[in-house]
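The sequence and structure are shown first.

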Amino acid sequence: MKRTLMAFLLLGGLALAQADGAKLYAQCAGCHQANGQGIPGAFPPLAGHVAEILGKQGGREYLIKVILWGLQGQIEVKGMKYNGAMPAFNGLKDEEIAAILNHIATAWGDDKKVQGFKPFTTAEVKALRDKKLTPQQVLEERKKLGLK
Ligand code: HEC
């Protein structure tokens with residue numbers, strides 16, 4: 001009995017220590033929707049689009065930057081123009097941002113569309129955090145990827 005209880009507490013502790021990307025995605029779903037489809041013309045889709053970003057040189061770093069500092073200015077995703085503002089999420093912990101990125105990369109199979117996808121790590125987020133970009137600077141970073 002005691003042993004079962006110990007195992008239970010241990011598992012519970014492990015679950016708490018690891019950020020839950022699916023749960024954290026609730027903060028994004030109001031705009032990008034639970035199914036990642038977004039709202040045409042207002043909020044770009046993430047499902048299917050994350051693979052397009054990951055497929056570009058620098059795309060992986062760009063995704064981290066968008067979550068950390070947001071994005072502002074005109075972009076085009078799957079033939080549809082957007083000119084909105086994505087809020088910054090730099091108040092989240094590194095491991096939370098990594099967990100959200102892993103959620104949006106895997107929830108709709110985008111990871112399967114890029115070769116050799118590796119899960120985002122806390123260290124990758126930490127390494128970029130000190131850059132402190134503005135949402136407009138993130139847009140400049142986006143232009144370098146060669147996305148529309
Ligand atoms: C208040 C609405 C809102 C919320 C909340 C939001 N986003 Fe966004 N997101 C946007 C908008 C609007 C854009 C496009 C900005 C533009 O037009 O320049 C965007 C852009 C993006 C992009 C870049 C797409 C590209 O093609 O460059 C990614 C990735 C992204 N969001 C992921 C997320 C994730 C993950 C979350 C949750 C942590 C989130 N967003 C929360 C509105 C939102």
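In which loop is Q33 found? Q33 is found in the loop between α3 (26-32) and α4 (49-54). The structure is a predicted model, and the values below are computed from it.

**Positive phi angles**

Q33 is a residue other than glycine, and its phi is positive, near 70 degrees. K78, also not a glycine, has a positive phi of about 50 degrees; K78 is placed in the loop between β2 (75-77) and β3 (80-82). Q33 counts as partly exposed because it has 15 C-beta neighbours inside 10 Å, whereas K78 counts as exposed because it has 12.

| Residue | Phi | C-beta neighbours inside 10 Å |
|---|---|---|
| Q33 | near 70 degrees | 15 neighbours |
| K78 | about 50 degrees | 12 neighbours |

**Nonpolar core**

The largest nonpolar core comprises 23 residues, and those with the most contacts inside it are L63, I64, V66, I67, I97, I100 and L101. At least two residues of this core come from each of α4, α5 (59-69) and α6 (94-106). Leaving aside residues up to four places away in sequence, I64 touches I97, L101, E124, V125 and L128. In soluble globular proteins, nonpolar side chains tend to be buried together.

**Ligand shell**

Around the ligand there are 26 residues, of which C28, C31, Y82, G84 and M86 come nearest. By class, the shell divides into 18 nonpolar residues, seven polar and one charged. Elements that each supply at least two shell residues are α3, α5, β1 (71-72), β2, β4 (85-86) and α6; α3 gives the most, with five residues.

Technical notes:
Residues are numbered from 1 along each chain as its sequence is written. This is a predicted model: local features need pLDDT of at least 70, side-chain atom pairs count only at pLDDT 80 or more; totals for chains, interfaces and linings use all residues. Helices (H or I, at least four residues) and strands (E, at least two) are DSSP runs, numbered from the N terminus. A residue is buried if 20 or more other C-beta atoms lie within 10 Å of its own, exposed if 12 or fewer, and partly exposed in between; C-beta atoms are placed from the backbone. A nonpolar core is a set of buried Ala, Val, Leu, Ile, Met, Phe, Trp, Tyr and Cys residues joined through C-beta atoms within 7 Å. Two residues are in contact if their C-beta atoms, placed from the backbone, lie within 7 Å. A residue is near a molecule or strand if its C-beta atom, placed from the backbone, lies within 6 Å of it. Ala, Val, Leu, Ile, Met, Phe, Trp, Tyr, Cys and Pro count as nonpolar, Asp, Glu, Lys and Arg as charged, and the others, Gly among them, as polar.
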